[in-house]
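Visitor: Hi, can you walk me through this one? Please keep it simple.

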Amino acid sequence: MIQFIPYPALTPDLLRTLNECIAMEFGHAPFVQQRSWATPDWVVLWETDGEVATFCNIVEREILVDGQRRKAAGINNVITPAAHRGKGYASQVLREANAFLFRKLQANMGLLLCADAWCLFTSD
């Protein structure tokens, strides 16, 4: 079952588990290590048999687009531990997160926030 959990409501044990998953998946990337990241507002979590099967974070922001205030919501840290990959969990979590962004959070736009080098576009 997919849960939408406000980040401040995470239990210390769950927060530790999610942070361990993040460190295992992205801790090797210099781009990630060299930056401070915003605290998420939400965690979208799928657990199976008492284990994290997949999760992602949602960050909410108010931004300006052409001088107009808009509500944006970004998805980051889409992670499926190795034991649960290939089962469609992340696909389902992303579908549910997408609906949550626009229906529950009433975002005007959604973003996929990605730190890996292949996701970065710069003018350099």
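**Salt bridges and a surface patch**

Guide: Start with E25, which is partly exposed at a relative accessible area of 30%. Partly exposed lies between buried, under 20%, and exposed, over 50% (1.4 Å probe, protein chains only). This is a predicted model: local features need pLDDT of at least 70, side-chain atom pairs count only at pLDDT 80 or more, and totals for chains, interfaces and linings use all residues. Residues are numbered from 1 along each chain as its sequence is written, and side-chain values use heavy atoms, leaving out hydrogens and water.

Visitor: What does E25 form a salt bridge with?

Guide: R85, with the closest N and O atoms 2.8 Å apart. A salt bridge is a side-chain nitrogen of Lys or Arg within 4 Å of a carboxyl oxygen of Asp or Glu. This one links distant parts of the chain: E25 is in helix α1 and R85 in the loop between β4 and α3, 60 residues apart. Helices (H or I, at least four residues) and strands (E, at least two) are DSSP runs, numbered from the N terminus.

Visitor: And R85, how accessible is it?

Guide: R85 is partly exposed, at 44%.

Visitor: How many salt bridges are there?

Guide: Five. Among them is E62 with R69, at 2.9 Å, N to O. Both E62 and R69 are exposed.

Visitor: New topic. Which residues make the nonpolar surface patch?

Guide: V78, L94 and L112, covering about 240 Å². Patch residues have over 30% relative accessible area and no salt bridge; like charges are joined within 9 Å, nonpolar side chains (Val, Leu, Ile, Met, Phe, Trp, Tyr) within 5 Å. Areas come from the Shrake-Rupley method with a 1.4 Å probe; for residues, only the protein chains shown count as cover.

Visitor: Where does L112 lie?

Guide: In strand β5, residues 109–112. L112 is exposed, at 63%.
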